[in-house]
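User: I am new to this structure and would like to learn how to read its features one at a time. Please give me the general idea first and then the case at hand.

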Amino acid sequence: MCRLQHVQAVAVALVSLLLCTTPAFGSYAEPVRVDFYMEALCPYCAQFTLTQLQPLFKNKLINFVELDVIPWGNARTDPKTGEVTCQHGALECELNKLISCAIAQHPRQDDWFPFLTCLEETVAKGATDLKVEDVAGKCGVHAGMVKDKLLECHKGDLGKSLQRLAAQRTASLKPPHQYVPWVVVNGIPLLEDDENIMKYICVAYTGRDRPSVCYDMPKPPSRDQTKRPQLPWQPQQQQQQRCRRGAQPKQQQQQRVVVQ
């Protein structure tokens, strides 16, 4: 019942937003804004990237979307020292920063999204010996990026500035995020109904040129039916397929990663 009420509330909010901000349907409309708040080593963020976002690029619905990824998630900054601590360890902090660099250097979503999928596919396979330089090389080449430029950003002041920006954007969320993945469509958080993101995009788009996929949309698989990405650790059952704020994996990744 609570889940149904959440879904209804999100749908009503989106429709209300459209009625308030759109005077009439036209042949052209602004793209739907989708903000994806995530962290690099959360298995459910990898799942969302590969099973919900990647299909948008394949069915061309992404042409009607302005997608942004904010890689910070449940990280925290020590107010005294400025040190950043990430939920899944030091490597996650470095990969979050690397994602921000890839997006900053290649702002077109068609250019940076292959980098993100490459990284998250690696995460989903449960790799335990990741190195930032290797990820920058492998996924950078996959996305047509230059490894040295990615690492220059990652190691320099720009990477730090991008990390602070991601933290600020996450902290400014209203309501505050409770977990990741945390998905917002035109300013409305989807809560735990993000598996229906295609439907919300189609509802939010106001142009007359609505893509055909909006009229022939298969029912998305439930979370119980969707194969979960596997990692060396698995979040506790009570987390309900989310990486929740304040929760920690059973084993911290800091002891096994090499950050360069």
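User: Where is the place of Cys45?
Analyst: Helices are DSSP runs of H or I with at least four residues, strands are runs of E with at least two, and both are numbered from the N terminus. By that reading, Cys45 belongs to helix 2. Please keep in mind that this is a predicted model, in which local features need pLDDT of at least 70 and side-chain atom pairs count only at pLDDT 80 or more, while totals for chains, interfaces and linings use all residues. Residues are numbered from 1 along each chain as its sequence is written, and side-chain values use heavy atoms, with hydrogens and water left out.

User: Is Cys45 buried or exposed, and which residues is Cys45 in contact with?
Analyst: A residue is called buried under 20% relative accessible area, exposed over 50%, and partly exposed in between, using a 1.4 Å probe and protein chains only. Cys45 counts as buried because its relative accessibility is 0%. Contact means heavy atoms within 4.5 Å, and once neighbours within four places in sequence are set aside, Cys45 is in contact with Phe36, Met38, Glu39, Glu120, Val180 and Pro181.

User: What keeps the sulfur of Cys45 from a bond with the closest cysteine sulfur?
Analyst: A disulfide is a pair of cysteine sulfur atoms within 2.5 Å. The closest cysteine sulfur to that of Cys45 belongs to Cys42 and is 3.7 Å away, which means that it is too far for a bond.

User: Which cysteine does Cys42 form a disulfide with?
Analyst: Cys42 is joined to Cys243, with 2.2 Å between their sulfur atoms. The torsion about this S-S bond is about 100°, so the disulfide is right-handed. Cys42 sits in the loop between strand 1 (32-38) and helix 2 (43-58), whereas Cys243 is in strand 8 (residues 243-244), so the link ties together parts that are 201 residues apart in sequence. Both ends are buried, Cys42 with a relative accessible area of 0% and Cys243 with 1%.

User: How many disulfides does the structure hold?
Analyst: The structure holds 5 disulfides, and when the bonded cysteines are counted along the chain the pattern reads 1-10, 2-3, 4-7, 5-6, 8-9. Among them is the link of Cys86 and Cys93, whose sulfur atoms are 2.1 Å apart and which is right-handed, with 120° about the S-S bond. Cys86 and Cys93 are both buried. Another is formed by Cys118 and Cys139, with sulfur atoms 2.2 Å apart. There the torsion about the S-S bond is about -75°, so this disulfide is left-handed. Because Cys118 lies in helix 4 and Cys139 in helix 5, the pair ties together parts that are 21 residues apart in sequence. Cys118 and Cys139 are likewise buried.

User: At what angle do the axes of helix 4 and helix 5 cross?
Analyst: Axes are lines fitted to C-alpha atoms, for helices over the stretch in contact, and angles between N-to-C directions run from 0 to 180 degrees. Helix 4 (residues 109-124) and helix 5 (residues 132-142) have axes that come within 8 Å and cross at roughly 135°. That makes the two helices oblique, given that angles under 35 degrees count as roughly parallel, over 145 as roughly antiparallel, 65 to 115 as roughly perpendicular and the rest as oblique. In helix 4, Pro114, Phe115, Cys118, Leu119 and Thr122 meet Val135, Lys138, Cys139, Gly140 and His142 of helix 5.

User: Which residues of helix 3 meet helix 4?
Analyst: Leu95, Leu98, Ile99, Ala102 and Ile103 of helix 3 meet Trp112, Phe115, Leu116 and Leu119 of helix 4. The axes of helix 3 (residues 90-105) and helix 4 are 9 Å apart, and these helices pack at an angle of about 160°. They are therefore roughly antiparallel to each other.

User: How many helices and strands does the secondary structure of the protein come to?
Analyst: There are 8 helices and 8 strands. Of the 260 residues in the protein, 52% are buried. Among contacts between residues at least 6 apart in sequence, 77% join residues at least 24 apart.
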